[in-house]
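Please work through the exercises below with the sequence and the 3D view at hand. Each task is followed by a solution that goes step by step.

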Amino acid sequence: MNGHLHTVIPKKSNADHLRIVGRVLDSTVCTICHDYMFVPVMTSCGHNYCYECLNNWLNNNRSNVSELTCPQCRNVITNEPSLNVALQQIVDLMLDIAAEDPQKSNSSEVRSLLTQRECSVAEYKSDLLEETLFNSVFKNTAKAIIDDDDDGIARCSNCQWEVEGPVCPNCNATIRNYNAGAQNFDEVDVDEYSDGELEEVERDLDNYRAESARTVHDLEAEEGDESLSSEMDQAWPTRRPRNFMHGEEEEEEEEDRGSIDSFIVDEEEEEEEEEEEQELKDERKFRRASVALSDDDDNESRDSDFYEHNDDGYASGDSLDESTSNDELEPHTIRLTHSQDNNNNNNNNSARKKRLIVLDSDE
Amino acid sequence: MAALPKRIIKETERLVSDPVPGITAEPHEDNLRYFQVTIEGPQQSPYENGVFQLELFLPDDYPMEAPKVRFLTKIYHPNIDRLGRICLDVLKNNWSPALQIRTVLLSVQALLASPNPNDPLANDVAEEWIKHEDTAIAKAKEWTKLYAKPTQDEEPAKE
Ligand SMILES: [Zn+2]
Ligand SMILES: [Zn+2]
Ligand SMILES: [Zn+2]
């Protein structure tokens, strides 16, 4: 790799080199902790933070609002931020070079940075291994179910615990139908759907898809046919959301994928698939019900006396910004389907990722 | 008391070494999370030539949680109540950990330059501001002269 810049930049003056180094070093500093990002993660809007810092913010942030936002640009973060490997390599290089300097006058500083890096990397790796990155805030979701027979108490669809805010205090799931503006839940008909089934179905589907991918790969290996996986790749991203969102198109769609799926799954999985199709149908029924939920505007009159008097004499809690931030929110029904879409995408992505890992490891 | 996070130390150092024009912030010797702040009234605002005393406190969860800021000097402003509490979005729901003490104080200064009576904290002031803007501005100027004197020591706002 030797582009034009590789030729020009080394010949520049010392001052230019210092400017570059300064700029690069600045870009390795986290805007949350003002320290070096040894495990930089990047949001979909392109901003980088330490894994630990962003994790703290997202999990702190969501106890107040249901939408997770980027600290620098306030964009809503819907997808799990990923490790910025290029940036990490730069930070690593800087610290490695600092550490190998023989006449280091600030060796205690360097040593503390080395320890810091070790801890940060260890924490990230352990969360990655346990599949609890970002406290599972991008994975672990549930719905609040309000049952009129149960005094209208809102309960988490995952664990039945009573929920009040955007997060279940028991299982830590993000409550998808929590409405930030109105501080309440979009109603879900308890007869249509009443417990953690949806999550289970989604998990099963993911597992199943990962399994099928492996089967495709095995088949390829046996028959030397690589077109299969590329076909799968094309079919993958659109398949699930379409099935979920447009029940009507289902028949046609089914035939299409039949040609691939029946080819790759073994009998056992086929049985499973049938079960899942039934579950899918149930779920579709539920989704339609929830999408059709009230369109009424939740920007109802908000308490005009918007601040509470704390003992310490500071203003606290809701204030004028509630109305401003609320204006930026989409109508909640749209948001509801939106987040489910994202869920599907996330699941697709993670399933695809798993597949890619499977394919990679065998190469 | 828990150890002071690196970020707070760095912010404090920079506030001293590279102060924001028209703003001072000094940590209290006994509590490095507590700052004594002064903000000069912006030019061409009713608060021009006034120097306002404030207090700023960094809660344990800072920067995950916003600093707490309050005017100590009495001020006539539709978004600041008589206890000195400030109605400012970045101090509440719009807080972001990418903001800092200096950016927060700049926002407070900007609020002095552009009062927003449509989002009031002090309802009577806001009403006056909307109905008789001239009178309200005159009163704000008068209070500035009266209470926000540049050389004076801390003036408690409590009545
Ligand atoms: Zn950080
Ligand atoms: Zn961003
Ligand atoms: Zn739960």
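**Exercise 1.** Determine in which sense strands β2 and β3 of chain B pair, and over how many bridges.

*Solution.* In this predicted model, strand β2 (residues 34–40) of chain B and strand β3 (residues 51–57) of chain B pair in the antiparallel sense over seven bridges; strands are DSSP runs of E with at least two residues, numbered from the N terminus, and two of them pair if DSSP finds at least two bridges between them. Within this topic, Ile39(B) stands opposite Phe52(B) in β3(B).

**Exercise 2.** Find which residues are the protein donors of the zinc ion (ligand 3), and explain what Cys156(A) and Cys171(A) tie together.

*Solution.* The donors (N, O and S atoms within 2.8 Å of the metal, or 3.2 Å for Na, K and Ca; water is not among the atoms, so sites may look incomplete) are the SG atoms of Cys156(A), Cys159(A), Cys168(A) and Cys171(A), lying 2.3 Å from the zinc ion. In sequence these donor residues follow the spacing C-x2-C-x8-C-x2-C. Cys156(A) lies in strand β6 (residues 153–156) of chain A and Cys171(A) in the loop between β6 and β7 (174–175), so the pair ties together parts that are 15 residues apart in sequence.

Residues are numbered from 1 along each chain as its sequence is written, while chains are lettered from A and ligands numbered from 1 in the order in which they are written. Local features need pLDDT of at least 70 and side-chain atom pairs count only at pLDDT 80 or more, whereas totals for chains, interfaces and linings use all residues, and side-chain values use heavy atoms, with hydrogens and water left out.

Notes:
Helices (H or I, at least four residues) and strands (E, at least two) are DSSP runs, numbered from the N terminus.
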